[in-house]
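My notes follow in the order I made them.

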Amino acid sequence: MTIHLHPTEDARNPGDLNDPLQDAEELAEGSANPPCVLVFNASDPSGAGGLAADTLAMGSVGAHILPVVTGAYARDTAEIFDHFPFEEEAIAEQARTILEDVEVQLIKVGFVGSPDALSTIAETASDYPEVPLVAYMPNLSWWDENQIEAYHDAFRDLLLPQATVLVGNHSTLWRWLLPDWSGERPPSARDIAKAAGEFGVSYTLVTGMVLPDQFIDNVLASPQSVLASEKYERLEAVFSGAGDTLSAALAALLASGTDLVAATTEALAYMDRCLDAGFRPGMGHVLPDRLFWAEPEDDEGDQDLDAPQDFALPPHDTRH
């Protein structure tokens, strides 16, 4: 089934994310509406990731999410037990009906559960290459090995050729894109970006690269060069949902017209603040607080003078 995605008048070539056609002021003058992002992802009852993460993160940075449910996890805050995928016809019909009504500025693809679902989504993207696509590859170690291999193969062959930006953890992308790596050192972000670039990906955001002295590096790279690098101190807690949070914030910022390097820096800063304010709702992992900025401020006498007091992201005209 072919889904027709109607491009916007301001649609840009996927390779032009470092040179937006319009600045934020011009975009605001053109429309009072927030940018709309079509998101394909699974329902997550824990709220750690999936569409729950996409909704809160995108809303926090000023975008409107158009969520297409691709399946549902059976999970708690500690681990994923199973996933129940939707039939591709159900995914296609959800997307078709909303796309006949709403123009989108960007497509984001999270975990969609099956090669058939990937085929449906890739067909949509291939019809409208002028709409940027952010693809997120999570850690799938909870899944059956045969299912992982089939999903990775379909994602690589069907979706990566349509992806503008690929987001993933260093170890996940390494094992997927460079399974035969034999170097004495781990592959760099540029090595991974070059591997992704062989399948058509313009930019790759590699997260979770371990540095000395308890720091983590996050690097945006193209096959030709490193474009940005941001390091943060490693937090002691074990988190669920960091990757979904980051990729959603990045997608929303790009949809609003922010250039790629600035959007990456802002999305990483947002994720870091979410993790720093993380909470444990159950007996498992800590979840990012994607609405940390909405918490009431403490009384002046109770404030920690060493804690950062400003919101990491500058306000956007589309915030609502």
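Entry 1. I looked up how accessible His152 is. The model is a predicted one, and in it His152 has a relative accessibility of 14%. The cut-off for buried is under 20%, so I wrote His152 down as buried.

Entry 2. I then checked where His152 sits, and found it in helix α5, which covers residues 145-159.

Entry 3. Which residues is His152 in contact with, leaving aside its neighbours within four places in sequence? I found Met137, Leu140 and Trp176.

Entry 4. I moved on to strand β8, residues 215-221. I noted that six of its seven residues are buried, so the rest of the structure largely encloses β8.

Entry 5. I looked for the partners of β8. One is strand β7, residues 203-211, and the two pair in the antiparallel sense over six bridges. Across this pairing, I saw Leu205 opposite Leu220 of β8. I counted three residues between β7 and β8, which form a hairpin. In that turn, Asp213 has a positive phi of about 60°.

Entry 6. I also found strand β9, residues 226-233, paired with β8. This pairing is antiparallel too, over seven bridges. Here Ala221 stands opposite Val226 in β9. β8 and β9 form a hairpin as well, with four residues between them.

Entry 7. To sum up my notes on β8, I have it paired with β7 over six bridges and with β9 over seven bridges.

Methods: Residues numbered from 1 in each chain as written. Predicted model: local features only at pLDDT ≥ 70, side-chain atom pairs only at ≥ 80, totals over all residues. Heavy atoms only, no water. Buried < 20%, exposed > 50% of the residue type's maximum accessible area, 1.4 Å probe, protein only. Pairing = 2+ DSSP bridges. Contact = heavy atoms within 4.5 Å.
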